[in-house]
Amino acid sequence: MTHLLPDPSPYPVDAFAAFELLSSAILVIDDDGLIRYANAPAEDLFEVSVRQLYAVKAGDLFRDGEQLRQSLEEARQHLFADKRQILEIDRLGREPTQVSVTVVALDGQPWPALIELREIEQQLKVDREERLLEQAQANRELLRNLAHEIKNPLGGLRGAAQLLEAELSDPALIEYTQVIIQEADRLQTLVDRLLVPHRAPRIVGDVNIHEVCERVRSLVLAEYPNGLRIVRDYDAAIPEFRGDKAQLIQAVLNVVRNAAEALSPRIAAGDAEITLRTRVARQVTLAKQRFKLALELHVMDNGPGIPPELLDRIFHPLVSGREGGSGLGLTLAQTFVQQHEGVIECDSRPGLTDFRLLLPLP
């Protein structure tokens with residue numbers, strides 16, 4: 001539905017309907033600096049209806065509106081193609097909010113300029129997700145190539161140790177060859193785990209996310225029967241979607257198990273808690289693609305939190321905040337979720353770590 005309101009002027013009412021699909025707030029401005037179009041995200045940003053935005057002077061919405069008015073005048077004179085600035089908006093009962101404002105000069109009349117707005121936090125989130133996706137792709141290629149390079153000489157190393165062991169009669173020397181064989185097997189297991197997401201065929205079917213959560217819940221509680229409570233907070237209205245159930249179980253299990261391991265001191269104290277919360281998110285951008293609906297699965301724990309120096313690297317392979325950890329659990333979880341066009345995000349502070357899995361819904 002377009003948010004361009006009826007007007008006596010002969011302008012095409014549906015000219016900007018495509019902007020309804022965007023996640024950023026869009027305002028189209030006329031020669032007098034008045035708003036003639038606003039999309040749904042603009043309603044959310046300013047927390048008023050389109051009817052309240054219509055025909056309002058755009059500069060009046062901002063604390064430092066004179067800067068915007070100057071940019072709009074420059075756009076009208078075609079002094080630039082686009083111009084970005086940071087401004088503040090006031091919203092009733094809330095602190096002023098900084099937004100990234102891009103003024104785009106449009107060709108011709110009657111609308112000389114378009115304004116695109118994003119909250120700074122949202123812009124940072126989009127940038128972070130793009131970096132995460134690019135980084136994940138680079139990591140996958142690196143791991144796959146590295147695993148294949150290691151695999152062949154590793155087999156030769158193990159085979160040579162076995163042949164050498166067959167020629168030895170001294171038990172003390174055989175003990176050394178056993179160390180070589182066991183370490184080769186350990187590395188082989190690690191390499192196999194690195195290659196799992198690229199080897200296993202995907203079995204796609206209808207997936208109920210709550211069946212996935214219940215399976216994970218039962219597995220983790222079997223590992224930690226005492227001292228750990230797993231709370232369900234489900235939205236029963238979430239529809240089924242197409243996906244690989246086994247991969248999603250593994251992804252959620254890795255995240256929940258990671259939370260349980262971080263809760264070890266609280267499990268010992270008997271007050272550890274993990275919450276599984278499902279919700280529907282609307283108008284979500286995933287992997288640069290816009291989805292009307294998305295599944296939002298939160299895995300929250302009351303543990304000590306992730307050290308700040310690790311927070312930006314927790315999805316990197318072989319990075320672990322736990323002694324003896326392989327650093328592959330979250331990497332594999334992110335890979336499985338990204339294969340479903342989704343993403344895993346994380347916010348953490350002492351007392352609350354929140355992993356959020358986003359997956360597109362039909």
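Here are a few questions and answers about this predicted model.

Q: What makes residues of H7 and H10 count as meeting?
A: Contact means heavy atoms within 4.5 Å. By that rule Gln247, Gln250, Ala251, Asn254, Val255 and Asn258 in H7 meet Gly329, Leu330, Leu332, Ala333, Phe336 and Val337 in H10. These residues of the contact divide into seven nonpolar, five polar and no charged.

Q: How do the axes of helix H7 and helix H10 lie to each other?
A: The axes of H7 (residues 245-262) and H10 (residues 329-338) come within 8 Å and cross at roughly 145 degrees. The crossing of H7 with H10 is left-handed.

Q: Why are S7 and S11 said to stand at the edges?
A: The open sheet has five strands in the order S7-S9-S10-S12-S11, with mixed pairing. Strand S7 (228-233) and strand S11 (343-349) each have a single partner strand, so one side of each is left without a neighbour in the sheet. On average, neighbouring strands of this sheet are turned by 20 degrees against each other, direction ignored.

Q: How do you know that S7 and S9 pair?
A: Pairing requires at least two bridges between strands. S7 and S9 (residues 272-286) have six bridges, in the parallel sense, so by that definition they pair. Leu228, for example, has Ala272 in S9 as its bridge partner.

Q: Which helix packs on the sheet, touching S7, S9 and S10?
A: That is helix H6 (residues 209-223), whose direction makes about 170 degrees with that of S7.

Notes
Residues numbered from 1 in each chain as written. Predicted model: local features only at pLDDT ≥ 70, side-chain atom pairs only at ≥ 80, totals over all residues. Heavy atoms only, no water. Axes fitted to C-alpha atoms, helices over the stretch in contact; angles between N-to-C directions. Helix = DSSP H or I, 4+ residues; strand = E, 2+ residues; numbered from the N terminus. Left-handed = near helix turned anticlockwise from the far one by under 90°. Nonpolar A, V, L, I, M, F, W, Y, C, P; charged D, E, K, R; others polar.
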